[in-house]
Amino acid sequence: MTTLRLGTRGSQLAVTQSSHIADRLRAETGADVELVTISTLGDRSSAPLSTFGGQGVFVAAVRDALASGEVDLAVHSLKDLPTYADPRLTLAAIPQREDPRDALVARDGLTLAELPAGSLVGTGSPRRVSQLNALGLGLRITGLRGNVDTRIGKMTSGELDGVVLARAGLARLGRTDEITEAIDPIQMLPAPGQGALACECRADDADTHRLLSVLDDPDTRAAVSAERSLLATLEAGCSAPVGALAEIVNEGEELWLRAVVGDISGSPSIRLSASGPPSEAVAIGERLAAEMLAEGADRLVQASTPAP
Ligand SMILES: NCc1[nH]cc(CCC(=O)O)c1CC(=O)O
């Protein structure tokens with residue numbers, strides 16, 4: 001049997017999630033899978049992501065390696081994937097998503113409500129900044145990048161009172177015991193696709209596509225399709241302050257999508273929801289985005305787009 005080469009970024013989180021997918025593929029299909037590390041621009045630079053100006057800085061190098069045949073499949077964090085399709089590739093599997101919420105890791109076990117006004121909270125994401133500011137707690141927000149160790153280290157060293165990161169990343173690294181609050185989506189909607197993984201193969205590689213399809217979870221696929229169609233219709237990239245969460249409710253009959261477009265300079269955010277049958281996920285996302293645009297979301301999205 002031939003060996004499937006799985007391309008991954010070299011970060012601890014990427015390797016952990018790629019290994020998890022490799023294990024499942026071996027167990028469920030009997031395939032031989034080997035990890036191949038691909039170094040990306042996003043990993044080598046520590047500049048704020050918003051200054052890169054392009055979508056998917058972490059993804060491009062891995063996709064190129066996949067398209068050129070250096071590897072046979074790739075595992076990405078779905079929220080890092082640009083919304084435009086890569087015609088060379090197919091999203092062959094979207095496995096069941098982890099808990100998509102954001103998480104606070106704060107000193108002394110504190111929650112957001114318990115952090116005193118003036119507390120210094122780290123996050124590099126405009127979406128988290130705008131939603132934290134909108135809570136009106138008087139928190140001071142400061143930029144933050146780097147891997148999970150670096151980010152949490154700024155809290156343990158006393159430099160920051162707390163940091164906000166994706167719960168799913170901590171879950172995959174076995175570090176959920178450090179979370180002091182899983183932030184309710186009523187207060188902070190996660191990034192579109194947060195907590196989900198995407199397994200890609202070449203568009204013309206039917207064999208790998210068939211193997212990967214055993215890992216696909218239709219509910220997760222519908223949910224993230226709605227979130228990503230909203231993001232695409234807003235014409236917003238990963239640096240825009242857009243949060244979205246779709247959930248399959250009513251015993252699988254209904255998809256419920258909530259979304260927010262925020263503003264880092266403090267203008268009121270736009271928060272709306274919509275629902276419909278899961279089979280219409282893409283249309284629900286488009287419809288909700290159109291409603292948000294009609295309420296002025298275009299100005300908020302444009303204000304956040306970095307200059308080229
Ligand atoms: N933006 C970086 C990124 N991309 C994916 C995750 C991990 C969680 C996930 O799969 O959504 C993270 C870290 C974070 O936001 O804290």
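Which residue stands opposite Val 163 in S8? That residue is Gly 122. The model is a predicted one, in which local features need pLDDT of at least 70, side-chain atom pairs count only at pLDDT 80 or more, and totals for chains, interfaces and linings use all residues. Residues are numbered from 1 along each chain as its sequence is written.

Strands (E, at least two residues) and helices (H or I, at least four) are DSSP runs, numbered from the N terminus. Two strands pair if DSSP finds at least two bridges between them. Burial is counted from C-beta atoms placed from the backbone: a residue is buried if 20 or more other C-beta atoms lie within 10 Å of its own, exposed if 12 or fewer, and partly exposed in between. S8 is mostly covered, with 5 of its 5 residues buried.

| Pair | Sense | Bridges |
|---|---|---|
| S5 (residues 102–106) and S8 (residues 162–166) | antiparallel | 5 bridges |
| S6 and S8 | parallel | 2 bridges |
| S1 (residues 3–8) and S3 | parallel | 2 bridges |
| S3 and S10 (residues 197–202) | antiparallel | 5 bridges |

**Helices on the sheet**

Contact between two residues requires C-beta atoms, placed from the backbone, within 7 Å. In H4, 7 of the 9 residues are buried; among them are Arg 127, Arg 128 and Gln 131. H4 is followed by Gly 136, which has a positive phi near 70°.

**Strand S3**

Strand S3 (residues 73–77) is largely enclosed by the rest of the structure, because 5 of its 5 residues are buried. On one side are Leu 73, Val 75 and Ser 77, and on the other Ala 74 and His 76. Gly 7 stands opposite Ala 74 in S3, while the bridge partner of Ser 77 in S10 is Leu 197.

**The ligand shell**

Ser 77 is also one of the residues surrounding the ligand, together with Lys 79, Asp 80, Leu 165, Ala 166, Ala 168, Gly 169, Gln 194 and Gly 195; the criterion is a C-beta atom, placed from the backbone, within 6 Å. S8 and helix H6 (167–172) are the elements giving two or more residues to this shell. By class, the shell holds 3 nonpolar, 4 polar and 2 charged residues. In this scheme Ala, Val, Leu, Ile, Met, Phe, Trp, Tyr, Cys and Pro count as nonpolar, Asp, Glu, Lys and Arg as charged, and the others, Gly among them, as polar.

**The nonpolar core**

A nonpolar core is a set of buried Ala, Val, Leu, Ile, Met, Phe, Trp, Tyr and Cys residues joined through C-beta atoms within 7 Å. The largest has 79 residues, and Leu 234 and Leu 257 have the most contacts inside it. Helix H8 (residues 218–233) gives the most to this core, with 6 residues. Leaving aside neighbours within four places in sequence, Leu 234 is in contact with Val 242, Val 261, Ala 289, Met 292, Leu 293, Ala 297 and Val 301.
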